[in-house]
Amino acid sequence: MDQIDFPRQRALDDLRGLLRGEVRGNASFLQLYASDAGPCEITPLAVVRPRTAADVAACVRYAAENHIPVHARGAGSGTSGGAVGPGFVIDFSRHLRRIVRNEGERLCVQAGAVIERVDAALSARQRRVGPDPPSYSATTIGGMIGVDASGPRWPLFGAMRDHLESVEAVLADGSIVRLGVEPIPAGGAASNRVGQLVSDLATILRRHAATVTAARLSWPFGRHGYHLTEVLRDDHVDVPRLLCGAEGTLALVTEATLRTAALPRHYGASLLLFDGLDRAASAVPLALARQPAACVLFDRRQLSVVRETCEPLERLIPSGAEAALLIELAADDSMRLRDAMAELTEELLRGGGASAVRKAFDAESLQLFRSIEARAEAVLSRSRNRQRPVALIEDAAVPPERLADFLPRVQNVLKRHEFTAAFSCHAAQGVVRIQPLASLPDDLPRLLRLADDFFSEVFALGGCIGATRGYGLTRSGVLRSHLGPCYDVLCDIKEAFDPNHLLNPGKIIGSDAEILIRNALPPTRRPTSSASSPAAQGEPSRNVIELQTGWNPEALSDNAADCVRCAQCRTQSPRLRMCPILRFAPSEEASPRAKANLVRGLISGQIDPAELTGDACRGILDLCVHCHCCRIECPSRVDIPRLVRESKAAHQRAHGMPRSLWAATHLPLLAAVGRPVWPLVNWALGNRWARWLIERTLGVAQNRKLPRLAPRAFLRRAARSKLTRMVRREGRKVAYFVDCFANDFDPILGEALVRILKRNGIAVFVPPTQTQAGMPAIACGAIDQAIGLARRNVAALAEAVRQGYEVVATEPAAALCLKHEYPQLLENDDDALLVAQHSHEACSYLWQAHVTGELQLDLRPINLTVGYHLPCHLMALEVGSPGEQLLRLIPGLHVCRLEEGCSGMAGTFGLLHQNYRNSLRAGWNLIARVREPRIQLCATECSACKMQMEQGTTKPTIHPLKLLAVAYDLLPGGDQLINAVGMERLITR
């Protein structure tokens with residue numbers, strides 16, 4: 001698809017005068033929308049984020065006047081290139097995401113609303129929209145309508161076409177219309193645009209009735225192109241059914257009225273194991289005869305990878321299993337459900353070829369079984385070589401009874417073209433998802449030949465393609481050759497809606513076989529110079545990227561390439577954290593994927609390196625607060641924080657550090673300067689007018705609650721207590737890495753740790769030459785400062801490790817620096833790796849001591865209800881929730897887990913006045929939970945989270961180690977800590 005020959009700046013200026021919504025067109029921003037989760041990349045002319053349907057209409061009218069294509073986009077989770085193109089990309093997910101009405105069995109919702117959030121709003125009435133597509137936590141309603149989404153529970157809930165009742169849509173001429181099951185105008189006389197459209201559709205469908213009937217597939221799930229069956233109903237036309245699966249090529253849906261589905265009261269699942277894939281496929285018809293809620297087929301590769309990465313599944317699935325069927329049943333009566341499950345499994349074990357069965361009826365086990373497909377896909381996408389799953393031939397479907405014939409043919413096609421593939425199958429629909437492992441763009445010609453043979457096999461068995469994820473740019477090109485006369489019907493319908501082919505051109509209608517070759521994603525890794533190249537013979541070898549950014553693209557190219565752009569990082573699921581900024585500002589630039597796309601564009605040469613030092617690029621990068629949640633929750637485990645860190649560093653080197661960031665990264669220096677006059681400093685921190693002055697000079701928010709400065713730093717206390725000397729002794733020994741908060745503001749925390757360790761017979765050493773960990777410097781891109789801090793701390797700790805000490809830190813961010821950041825900052829440094837291998841978060845270290853029976857449990861009761869918050873940086877260490885587990889050892893202490901996501905503080909992010917309000921928005925759910933009367937005090941390991949949790953309440957938030965020390969009777973005045981009351985601008989001690 002060729003680029004549009006139209007002045008970009010003129011289009012931006014014109015659209016900004018026509019719309020209330022956002023219009024963006026700088027190179028950095030356009031790169032974020034140049035691709036979806038598919039293998040194509042096309043830079044759009046502009047990105048439009050409308051606020052109303054009128055904005056959409058105005059954009060379409062302007063596009064029609066200037067012959068510019070328009071491409072609708074939701075979450076960008078499609079794998080076929082359906083949301084990319086050279087014209088105006090209209091992003092519905094930013095503003096058009098409200099639930100308009102939620103009444104009875106019907107729901108009116110805007111196109112940009114995320115399906116999981118919509119279903120959450122319906123859950124109180126035990127209803128849901130129905131379909132559950134693969135990217136359930138990110139996919140929008142409009143995107144689901146565009147591809148007629150379904151999901152594994154299609155037999156129970158159907159597809160979107162079964163739920164769509166009416167739509168508000170913008171037609172190709174810019175008119176806003178309401179479309180439902182429309183009457184055909186009598187005598188063909190239409191009085192308006194809708195009437196004329198309905199009359200034209202009726203004429204087309206009647207004229208081609210025989211062709212449509214002949215092309216009708218033999219099972220209810222299949223389709224070719226647009227839905228043509230059951231659209232013409234006597235004297236009415238079901239226009240919404242036609243729009244389902246049209247991928248925005250006929251009209252742009254802005255609002256939809258949906259029929260919701262009732263949720264069954266009980267679910268049950270059986271995982272049936274087979275000795276061969278052919279046996280499992282042959283058992284599908286027997287399973288479907290029992291009318292299951294879902295039937296999913298897994299092959300040996302999927303079972304193997306989930307066994308290797310999930311201990312509970314390793315126990316459930318034997319190593320010799322070659323295939324498995326996951327069959328779900330649903331019912332309102334639990335006993336009837338169990339009886340039906342027993343009959344089904346007995347039949348499949350006796351006559352269906354199954355060798356074993358595992359059953360699940362409780363919610364936890366059901367979720368474990370349902371996670372197999374997602375876990376397998378995630379692991380397979382983490383390939384650390386150049387071959388990765390490519391979504392080109394996925395999403396084909398054949399009649400379920402033909403699966404046993406189809407799967408061997410697929411394997412033969414893959415062998416013939418020398419590809420291996422990731423495989424999954426929603427057997428109830430006959431949907432087979434196959435993603436060959438390939439390296440783009442090198443393997444693209446072979447992939448296209450593979451696709452031709454694969455599609456031929458699909459059509460030969462009466463199947464279809466684009467069954468649940470659409471045709472897009474990657475699959476539309478084969479429709480003309482395979483559909484014959486039926487393709488002409490599709491063209492006539494497109495002509496009736498969009499005669500100028502401006503709505504998402506190249507999708508379903510008009511694509512060509514070469515489009516993927518012309519628009520394939522460029523390689524992220526640049527080719528290396530050979531020994532005979534001019535660069536190797538003395539010419540300058542550093543490319544412009546290296547010169548302008550200061551980092552080596554080769555070091556980050558694989559990391560950027562790891563991102564498969566699946567859109568899972570756009571999730572707003574309460575079960576995940578992923579990105580705290582995206583929670584309150586759900587926009588593409590806030591997603592972790594956006595940062596990977598940006599870096600990939602820079603490395604591949606799609607973006608001028610000068611963009612990296614510009615304000616537009618920095619604005620995108622600043623939406624990452626370095627919480628690391630995306631890194632551990634990303635299916636592909638992409639290290640987005642590393643990409644952002646290096647990119648921010650390039651901007652920092654070009655423009656220097658703002659004053660507010662300087663203050664945030666030099667807190668120990670400010671504390672040292674203020675300590676001689678600490679009473680005056682603490683007065684100023686609590687005084688309204690002094691805080692106004694601090695905000696103006698240092699950028700710290702005037703209303704942010706801050707900690708008091710300690711009269712004496714913990715390192716000074718440790719020196720007086722002779723803790724700064726190593727001891728020669730056997731047994732457990734700990735080197736305490738203090739970090740800024742415990743050293744300068746809360747030395748009691750350090751005292752608590754030291755006393756707990758000594759109480760349990762563990763020797764303590766406090767390295768005297770250590771300094772702050774440097775997480776604020778890392779997060780804002782002050783890499784030179786961070787490297788200096790890392791070298792000093794590694795030098796201070798490495799010798800202690802060699803002497804048998806284990807390093808512990810009371811601050812999760814400090815532990816994360818030691819274990820994750822320092823080895824990256826000090827690449828190939830053996831001491832950094834040594835320190836990382838022997839570093840622990842303090843609660844994690846003590847919990848392991850308890851697990852091995854070495855922790856004293858003579859704890860006195862504390863009769864309180866404590867709300868515990870798990871910090872993001874502790875999550876990033878992937879050690880579970882050790883602080884919470886330690887608290888549960890204290891008699892009488894009732895621990896309530898506050899599952900409200902990130903606190904929003906994000907280290908020093910929430911300190912700065914420009915981020916203060918956004919920080920509160922991100923953490924408001926947690927603050928609201930803290931205010932609950934039944935929670936008497938709170939606990940968390942993170943000092944920044946403590947500040948946020950005390951921001952909206954006078955209740956104290958205490959480190960778990962302090963509570964443990966109080967239970968040990970090791971802290972004089974411990975009851976005062978528990979009963980402390982926060983002040984207006986100061987947190988508790």
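Predicted model: local features only at pLDDT ≥ 70, side-chain atom pairs only at ≥ 80, totals over all residues.
Residues are numbered from 1 along each chain as its sequence is written. Local features need pLDDT of at least 70, side-chain atom pairs count only at pLDDT 80 or more, totals for chains, interfaces and linings use all residues, and side-chain values use heavy atoms, with hydrogens and water left out.

Start with helix 7 and helix 20. Helices (H or I, at least four residues) and strands (E, at least two) are DSSP runs, numbered from the N terminus. Two packed helices are described by the angle between their axes and the distance between the axes. Here the axes of helix 7 and helix 20 are 10 Å apart, at an angle of about 170°. Axes are lines fitted to C-alpha atoms, for helices over the stretch in contact, and angles run from 0 to 180 degrees between N-to-C directions. Helix 7 and helix 20 are therefore roughly antiparallel. The classes are set by angle: under 35 degrees is roughly parallel, over 145 roughly antiparallel, 65 to 115 roughly perpendicular, and the rest oblique.

Which residues make the contact of helix 7 with helix 20? Helix 7 supplies R193, L197, D200, L201, I204, L205 and R207. Helix 20 supplies V489, D492, I493, A496 and F497. Contact means heavy atoms within 4.5 Å. By class, there are eight nonpolar, no polar and four charged residues. Ala, Val, Leu, Ile, Met, Phe, Trp, Tyr, Cys and Pro count as nonpolar; Asp, Glu, Lys and Arg as charged; the others, Gly among them, as polar.

Helix 20 covers residues 485-497. Its buried residues are C486, Y487, V489, L490, I493, K494, A496 and F497. Buried means under 20% relative accessible area, exposed over 50%, and partly exposed in between (1.4 Å probe, protein chains only). The buried residues of helix 20 pack against helix 7 (193-207), helix 8 (209-215), helix 9 (239-243) and helix 19 (479-483).

A190 is in the loop between strand 10 (181-183) and helix 7. A190 is partly exposed, at 29% relative accessible area. Leaving aside neighbours within four places in sequence, A190 touches P185, G195 and Q196. A190 and D200 are 10 residues apart in sequence, and their C-alpha atoms are 9.8 Å apart.

Helix 31 (residues 678-686) and helix 32 (residues 688-698) have axes that come within 5 Å and cross at roughly 90°. Helix 31 and helix 32 are therefore roughly perpendicular. The contact uses W683, A684, L685 and G686 of helix 31, with R688, A690, R691 and I694 of helix 32. Its residues divide into five nonpolar, one polar and two charged.

Now the strands. S270 belongs to strand 15 (residues 266-274). Is S270 buried or exposed? S270 is buried, with a relative accessible area of 0%. Beyond its neighbours within four places in sequence, S270 contacts L325, L326, I327, M341, T345, V357, R358 and K359.

A354 sits in strand 18 (residues 354-360). A354 is buried too, at 9%. A354 and F274 are 80 residues apart along the chain, yet their C-alpha atoms are separated by 4.9 Å.

Helix 45 (residues 960-967) is mostly covered, with eight of its eight residues buried. Just after helix 45 comes D969, with a positive phi of about 60°. D969 is in the loop between helix 45 and helix 46 (974-978). D969 is exposed, at 56% relative accessible area.

E418 also has a positive phi of about 60°, although E418 is not a glycine. It lies in the loop between helix 16 (403-416) and strand 21 (421-426). E418 counts as exposed, at 67% relative accessibility.

The whole structure holds eight aromatic pairs. Rings of Phe, Tyr and Trp (its six-membered ring) pair if their centres lie within 6.5 Å; planes under 30 degrees apart count as stacked, over 60 as edge-to-face and the rest as tilted. F6, Y62 and F88 form one aromatic cluster.

The charged end of R446 is over the ring of F419, 4.2 Å from its centre. K733 lies over the face of Y805, at 4.8 Å from the ring centre. A charge counts if NZ of Lys or CZ of Arg is within 6 Å of the ring centre and within 35 degrees of the ring normal.
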